[in-house]
Amino acid sequence: MMKFLFVLLMMTPLGFLNYFWLMQFAMVFVSFIFMLSFSLNYMYMYISYCFGVDLVSYLMILLSLWVCSLMVMASGKIYFTQFWSQMFIITLIILIVSLLLAFGSMNLFVFYIFFEVSLIPTLMLILGWGYQPERLQAGIYLLFYTMLASLPMMVTIFFYYMKYGTLEFFSLDGELNEVLLYMCMNLVFYVKMPLFFVHLWLPKAHVEAPVSGSMILAGIMLKLGGYGLMRMMVVFPMVGLKINWIFIGLSMIGGLIVSLICLRQSDIKSLIAYSSVAHMGLTVSGILTMSYWGMSGALMMMLAHGLCSSGLFCLANLNYERISTRSLYLNKGLINILPSLSLWWFLFVSSNMAAPPSLNLMGEIMLINSVLSYETLNMIVLMILSFMGAAYSLYFYAFSQHGKVYAGLMAFSMGGFREYLLLLLHWFPLNVLILKGELMCL
């Protein structure tokens, strides 16, 4: 684990020397090196100090490395305009190191520390490279939602250590059977996922963030919440059996309401952000059933959503860089002027509504199985959820690609090689990994 960390830290001079594309190549290279050390064993491996990886954290680290390398590729505009590009690279290195340490830690307190640390570079991305003045408000929302919910978690961690004398993940077998402790420990993960009712920071942060900020928020930050929940369900088996149904119901109904909100969105980024909330609602439900299918499905869904959402935000940004607006009323008839991008829109939107052969489909099938085996009445909500997912995805695609072209458009370029490669590197793993789906089942 430490050797990967040192390799990433050795990249820091690339930021100061402003080797923008070399940095991107180096991160893709590290992703492939990390991929070569894949293990089919579910035990912890590469243990060094308090760091090591099992299957869940391995896949999350791999996703982090991959999405972070694509973030550099997506942020070509920062490089071409030389808008603090060195600072951008250094922020990115801090972010990827903090994520690697958060997912790779085997100790609950170390996980908590790096969980919080990863917030700072994300905030810097939003405040430094965001588009509108409202980014300040969005950043404060992001910071305070997470900070407020995470302080009770810290106190609970100290309490657990005082009671059981260990915080190592593989020896978390002491059970805490108080509802208050359950809420204190897990609230921060519900905020991060985000669960409906504590999701308001997410659309705000997404809409104000630059493309790299949106990619890291959708691709990785939401997964920190899911990862934490998967780890913590071991500590609360009895409380979980008693009160998890409340949160499952909440995330299901929340998913429905958010799907309806999606149908009314006029802002492209906002629509993609709200669809993330709907997908994550299903993922939360899967984890909270505490079943084998639920956990496997949640892992699969988190991987799929990380790639799919990130790709959609890249597409939204390509449109934004050309048309200078995110409004669906002005982004119309794009199939006439950007037909090759239209194909990519179709591919990502179809993955977003869980069409085969995407990982989303496999994850959704597993999650639906787990939620149904938990309570058969969920069938009604799940049916509507699946239907609504297809409905807002199709509405989004048809509305943006067809219709009359906005007459006020000036000249702009077709997509460049970099942009198509960026989209391919999102789409290819999303639709080809299903062939080795058993690797992602725990």
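## Local features of the predicted model

Leaving out neighbours within four places in sequence, Ser48 is in contact (heavy atoms within 4.5 Å) with Met1 and Met2. Ser48 belongs to strand β1, residues 45-48; helices (H or I, at least four residues) and strands (E, at least two) are DSSP runs numbered from the N terminus. Its relative accessibility is 17%, so Ser48 counts as buried. Buried means under 20% relative accessible area, exposed over 50% and partly exposed in between, with a 1.4 Å probe and protein chains only.

The model is predicted: local features need pLDDT of at least 70, side-chain atom pairs count only at pLDDT 80 or more, and totals for chains, interfaces and linings use all residues. Residues are numbered from 1 along each chain as its sequence is written, and side-chain values use heavy atoms, without hydrogens and water.

Helix α17 comprises the 14 residues 339-352; at 1.5 Å a residue these should span 20 Å, which agrees with the 20 Å between its end C-alpha atoms. The expected span is 1.5 Å times one less than the number of residues. Because 10 of its 14 residues are buried, α17 is largely enclosed by the rest of the structure. Among the buried residues are Trp344, Trp345 and Phe348. Their cover includes α14 (268-288), α15 (292-323) and α20 (417-432).

Helix α13 (residues 237-263) packs against α19 at an angle of about 25°, with the axes 9 Å apart. Axes are lines fitted to C-alpha atoms, for helices over the stretch in contact, and angles run from 0 to 180 degrees between N-to-C directions. The two helices α13 and α19 are therefore roughly parallel, a term for angles under 35 degrees. The contact includes Met252 and Leu256 of α13 and Leu385 and Met388 of α19.

Most residues other than glycine have a negative phi, and most peptide bonds are trans. The table lists departures from this pattern.

| Site | Feature | Value |
|---|---|---|
| Met193 to Pro194 | cis peptide bond | omega about -10° |
| Pro356 to Pro357 | cis peptide bond | omega near 0° |
| Gln82 | positive phi | about 50° |
| Met290 | positive phi | about 55° |

Pro194 sits in the loop between α10 (179-192) and α11 (201-208), and Pro357 in the loop between α17 and α18. Gln82 is in the loop between α5 (76-80) and α6 (85-104); at 42% relative accessibility, Gln82 counts as partly exposed. Met290 lies in the loop between α14 and α15 and, at 26%, also counts as partly exposed.

Key. Angles under 35 degrees count as roughly parallel, over 145 as roughly antiparallel, 65 to 115 as roughly perpendicular and the rest as oblique.
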